[in-house]
Amino acid sequence: MVDKPYNRLSREQIELIDRTSLEILEDPGILCFHEESVSLLEKAGARVKPTREGEHQAWWVSIPSKVVKEALATVPSKITLGARNPENKVILDAEGTRIHFGSGSETNYWLEVEPETFTSKKDGHEREFPLIRRKRGNLDYLCRSAHLSEQLENLDFFIRNVNVQDEDISTDNKDVNVFFASLNNITKPVIGGIADFNQLEQVVKMAEIIVGGREELIKNPVVSFITSVIKSPLQVVGETAEKLVSIARMNLPVVISTSPQGGSTAPIDEMGMVAQVNAEALTGIVINQLANPGAPVIYGAVPVRARMDDLHDMYGVPEFCHYTMACAQMARYYKVPCYSTAGVGDARVPGMQSAVEKMYTYTAVPFAAPDLIHYAFGLLEKTMTFSPDQAVLDNHMIGMSKFLQRESGIKPEEKDRVVKMIGEVMDSPYRMYARYARKMLRKGGIFEGFPFEGDSDDQDQSLLMVNRHLKELEEREPQYLPEEICKKIFEQAPGLVSRLNPYGK
Amino acid sequence: MKEELTDKIVENVLQGRRNQEDEGIEEDYAGEPGVAELVQQALDEGVETNTILLDGLSKGMELVGQKYESGEYFIPDMLTAAEAVEAGMKVMEPYLGGEGESDGKGKIVMATVEKDLHDIGKNLVCIMLKGAGFNVVDLGIDVPAARIVEAVEEEGAGLVGLSALLNTTMTNMEDVVKELEQKGMRDKVKVIIGGAPTSEDFAQEIGADAYGKDAFAAIKVAEQLLQAGGK
Ligand code: B12
């Protein structure tokens, strides 16, 4: 819960962005590659002009502001993300100030920390160092990361974070395996993208088996989806729009995620970026609502800045925070739940750089109070690498961020207590407040401090200590799905690989 | 009956309740007797002071120490419990017979040396020593060497604990050692020093008997020095 969201943009600035985005949607409009979306938009009052883009049929669509406003009027401002364990449900409220942190990004690499002992050539002393090995992501790592995510108390929702590159996994069976690996290892809300439209039905079926039917699933959506329906600038991707429309019709929550890069696929200046990314998010929301008015939809904006030396994404920079915080304010203005980002490290390995970059966005972004903050665990090298050790460290930094956002303790009803306490202490032999600190401590009112502090004078031992803690967490008993449910799922989803079945082949 | 009372004392030491007005860390202690009242009740019922000390106060403090070591408790817990023990000791004082006995584990004069105003660390050490069963005479801050030695003499203390937080005042510790020598008391009194700028080496340099890096070390070295033949 964010006590008082920080409003970087004034009401006038928000309305200015709103007007600018609406003007963009009208002219130049969007370039849409999805026929059904085009006809939905046209029926609602958009002007459409067919065109060709290389091999593909496309349409220039000019969306009048009236169409956008009508669509926004039907969006629910409260959405529940279900979970296997009902206590882990996440309730999104566009007008509330509760924040939730989750994982994300399909990283190609997994970093394994392997401590090794070395002897110094200078002083002859032995020292332990955490060496880092880079491995290709696979299903096994995905299961491990879902299991770890279950253990991290500051992780509120799970988005698969390791790309599976096993030999027996192809586009034809990837989605079912990825969703099963996630759902079988975590009892928190699972959100994810769909690679292959044909597997959407199977994934939904799997979720239905877990909760006991379609109706139950709508009440307790243990899976929600992410669709990157926009290719910046302002283009609607055909295949993804198809998924978006289908998910809307199933009444399942879906994130419209658009991730322009300031400097290449979007303007780098704050106003240009925010106006465009806002227009893009609105486009997805409009299509979703036209397909099924009232369907649960989430405003997702992941605006990043280009790195000037190689045009890669950059997350740990001030502009990223400006863009992202502005988007959270826009979503709140529209009363649509918001999906935001913090904690991506541009660094390649866990260390000083990653800590600087991560702590920076963990601190800034939550001040804008978005509902969901994804990409928050273990991501390094932009979003290409996942480090479970870093995720453990991130869990702590996120704890600091959550604590920072707590409600202030300064309240009228506390006055008498404070005066009495100070009087008592002034009257006591050593004039110490330890007794009162103890009470706070026991009530959970005192932050724990850095748990991975080493005691060496000549090396930073934090990563070694994190790694020890990670190993303990990994030892914990997994919370697999019950045997009958697994059995049913394996019968109905033929693409599942048998090694994922915890109850044998 | 007797055991019930000493168990209650242990429980209230853990809760850090000096008397019935104190709240515990758990709810529902309001108005219940605290350590002071319980000790009084035990004395009224004829429980021996030694039993109250060993099975009640010290046992409670030992448990607190264990919980600290296992990471469940922190410094505020230790201090609060030590304060509760101190409140119990106060009630016991008039009942303790001969001189030696009333000093618990031993008597120690504590002071922050001349020109130094820092006392948080010294107070922590005092409270913990009291909680561990020492009779602590605290002279406060900015205390000249002559006054410290005078107090040691008056109190008949076998230990003196000196604190300094400034590298400009730590040299005043040496004056205390010298003053003890001049008065011919050096062999009867053990000197313990502490405070951030001091060290084991510095203790040796000025002819002190021991150095303690924190309040736990203070208890340990004080106990060791006594066993090694102090008072
Ligand atoms: C709090 C504080 C103050 C407070 C003191 C409040 C108070 N009630 O004590 C105030 C603001 C008054 C203060 C004033 C000054 N301070 Co000051 N102060 C500190 C500070 C930040 C913390 C000390 C502290 O309480 N630590 C916490 C306690 C729990 O730890 P501790 O004292 O070390 O005690 C533990 C152990 O050392 C040991 N121990 C202590 N005593 C004993 C005794 C025995 C017998 C044993 C066995 C063990 C033992 O056990 C304790 C418990 O674990 C230190 C910095 C530091 N990190 O030490 C500077 C520091 C000590 N102060 C410093 C200075 C310079 C000053 C001033 C000169 C500043 C000024 N220009 O005015 C004045 C001097 C005043 C004076 N004449 O003494 C310097 C000293 C540098 C030096 N020359 O050595 C320090 C190191 C800060 C710095 N880095 O510059 N200070």
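How far apart are the centres of domain 1 of chain B and domain 2 of chain B, taken over C-alpha atoms? They are separated by 27 Å, in a predicted model where local features need pLDDT of at least 70, side-chain atom pairs count only at pLDDT 80 or more, and totals for chains, interfaces and linings use all residues. Residues are numbered from 1 along each chain as its sequence is written, chains are lettered from A and ligands numbered from 1 in the order in which they are written, and side-chain values use heavy atoms, with hydrogens and water left out.

- H118(B) supplies, through NE2 at 2.3 Å, the single protein donor to the cobalt atom of the ligand, where donors are N, O and S atoms within 2.8 Å of the metal (3.2 Å for Na, K and Ca) and sites may look incomplete, since water is not among the atoms.
- This residue, H118(B), is found in the loop between β1 (107-112) and α6 (120-131) of chain B, helices (H or I, at least four residues) and strands (E, at least two) being DSSP runs numbered from the N terminus.
- The ligand is surrounded by 25 residues, each with a heavy atom within 4 Å of it, and the closest are L117(B), H118(B), D119(B), S163(B) and N167(B).
- Among the polar contacts (pairs of N or O atoms within 3.5 Å), a polar backbone atom of L117(B) is 2.7 Å from an oxygen atom of the ligand, while a polar side-chain atom of N167(B) lies 2.9 Å from a ligand nitrogen atom.
- Two or more residues of the shell come from each of α6, β3 (159-163), β4 (190-194) and α10 (215-227) of chain B, and the largest share, four residues, is given by α6(B).

**Domains of chain B**

- Chain B is divided into domain 1 (2-97) and domain 2 (107-227), with bounds that come from an automatic or database domain assignment.
- Nine residues of domain 1 of chain B are in contact (heavy atoms within 4.5 Å) with six residues of domain 2 of chain B.
- Between these two domains of chain B about 800 Å² is buried, 80% of it from carbon and sulfur atoms; buried area is the accessible area (1.4 Å probe) that two parts lose on being put together, summed over both.

**Interface between the chains**

- Contacts link 22 residues of chain B with nine residues of chain A, and the area buried between the chains is about 1500 Å², of which carbon and sulfur atoms give 53%.
- I25(B), P76(B) and T80(B) supply 28% of the area that chain B buries against chain A, more than any other three residues.

Note on methods: Polar contact = N/O pair within 3.5 Å; in protein donor to acceptor, adjacent residues only side chain to side chain.
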